[in-house]
Amino acid sequence: MKAAATAPPGGLAALPLDPSWVDEVLLGGTGSEPCLIFDEPVSRDELRRLVSARQAVLAAAGLRRGGSVALCLAPSLALVANLLAGWRIGAQAALLDHRLTPYETDQALARLDPQVVVTAERPAAGGPAGGFHDQQDVVTARPGRPARTSHAVVQLSSGSTGPAKIIGRTAADLVDELGRYARIEGVPRAGERIVSTASMVHVLGLVGGLLHSLHTGVRLAIPRRLTAEGILATVAAGPEPTTLLGVPFHIELLSWVARPPRLPQLTGMTTGGELVRAQVHEAFVDRYGVRLGSMYGMTEVGVIATDLFGEHRPELTPAPGLTLRAVDGELLIARERSPYLDHGTPPGAGAPTRWADGWLHTKDGGTVDPGTGRVRVLGRLDSQVSVGGLKVDLTEVEHTLAALPEVSAAVVVLGASIEAYVVLRPGGTAEQVEAQLTERLAAYKRPRLIHVVDRLPRTATGKPVRDRAALSGAGGSPQPTTVQERSDRKGTTSDVH
């Protein structure tokens, strides 16, 4: 598809939909057929009963058409039932990740000001490796405001590089995206299965996993544990052709399995989020012998471009009906309306609006091939910095670091100079990392500060956090070490913390 091939900007997003879309688009189908699989399968009849029951509870709490509800639940049947029930009422549903701290949740609720909040009776157990949860929901009415916009779902951006933005999408926009999925070759179809490790409160797991599965008759399975063993056991638990859905963090997790079990039902994996390093891509394909497809998307739009068979890596084909262009090295997407409830400028962000004149600025660097229309995503524009008048792509530096045998994970940011935060593998040292970087990167690209930390903070979607304040709070080595700076750094020193 060429970049010039277009549909009306925004597509169906300009059309209002009645709450009946939930039954027509998501809850239809044969009643006895399983549609969701947690520990046990959930049939469509059972899901419809659960949604009706939750609808009555939400209505009793005062939720009405045009009202607002916030869901603060872990991935669970309770989350699915309350989300569909809120939409069935005709209310606007805000999704808050259960891993937020109480302070972060309170801050989000203060910004959103919903009329009803649904929380869990007990906090979710299982830590970062938790997949789905058994939760008893608690519905609380509060003196909030009804929905101020026609958006059906409200989400917060991942906040990997700064304050979260409030993003809204209409029911019609969600239906439009489901239509794009239906036209993309390689997306799971009726009779197949998705094993999703992507969060249901973020766009990949929400639309690419939950809503697409309900709409098309795909069976959606959620692992109990998001460990390599837990994910592979969920794949092995069903005979249907199965696609894994997740982010690069899960690919790395699975790539570390030395001898994976035989999984004839596994047909491939689709990943979204950050760019997948070449070494990780090769390791996964070598281990499992299946395709590893890439999907580029945003909370604001959903799926934008794909390469689900790895045929054009690193290029991707735009999703049907979307218009993309590259201006001054930035990818722009035609959108009839702004998706931002806060105009794309969170408090304290100090940045201009992300949407203007019918174009959404992705803040991603990229190109659009004029012949094929395929897109090449080059990473975040804020990862491209100037050092002494020379351009440095921090993503390149980060990938180079992460590929070193001594390094388990790495994040590179710009402070007063280029800084790296690294998690070392057993036996690895900062001196070894410095020596390897000397061979692999030009002097002006190398980090002047390398902080050795115990872990790297990640967003709820698995993306590394690149906020320096958060990174500085990561657990570090108890004793700072000083490594003599290389001679090409004019005799200064590089502190390795």
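Two strands count as paired if DSSP finds at least two bridges between them. Helices (H or I, at least four residues) and strands (E, at least two) are DSSP runs, numbered from the N terminus. With that in hand, take Thr-119: its bridge partner in S6 is Val-138. What you're looking at is a predicted model, where local features need pLDDT of at least 70, side-chain atom pairs count only at pLDDT 80 or more, and totals for chains, interfaces and linings use all residues. Residues are numbered from 1 along each chain as its sequence is written, and side-chain values use heavy atoms, leaving out hydrogens and water.

**The six-stranded sheet**

- Six strands make an open sheet in the order S6-S5-S3-S4-S7-S8, and the pairing is mixed.
- On average, neighbouring strands here are turned by 20 degrees against each other, ignoring direction.
- S5 (residues 116-120) and S6 run antiparallel, joined by five bridges.

**Helices on that sheet**

- Helix H2 (residues 44-60) packs on the sheet and touches S5 and S6 (contact means heavy atoms within 4.5 Å).
- The direction of H2 makes about 30 degrees with that of S6; axes are lines fitted to C-alpha atoms, for helices over the stretch in contact, and angles run from 0 to 180 degrees between N-to-C directions.
- Helix H5 (residues 171-182) packs on the sheet too, touching S7 (153-156) and S8, and its direction makes about 75 degrees with that of S8.

**Where two helices cross**

- The axes of H3 (residues 77-89) and H6 (residues 203-216) come within 13 Å and cross at roughly 75 degrees.
- That's why H3 and H6 count as roughly perpendicular (65 to 115 degrees).
- On the H3 side you'll find Val-80, Leu-83, Leu-84 and Trp-87, which meet Leu-206, Leu-210, Leu-211 and Leu-214 in H6.
- This contact has eight nonpolar residues (Ala, Val, Leu, Ile, Met, Phe, Trp, Tyr, Cys and Pro count as nonpolar), with no polar and no charged ones.

- S13 (residues 291-298) and S14 form a hairpin with three residues between them.
- Five bridges join this antiparallel pair, S13 and S14, and Ser-294 has Asp-307 in S14 as its bridge partner.
- S14 also runs antiparallel to S15 (residues 315-318), with two bridges; there, Ala-305 stands opposite Pro-318.

Note on methods:
Angles under 35 degrees count as roughly parallel, over 145 as roughly antiparallel, 65 to 115 as roughly perpendicular and the rest as oblique.
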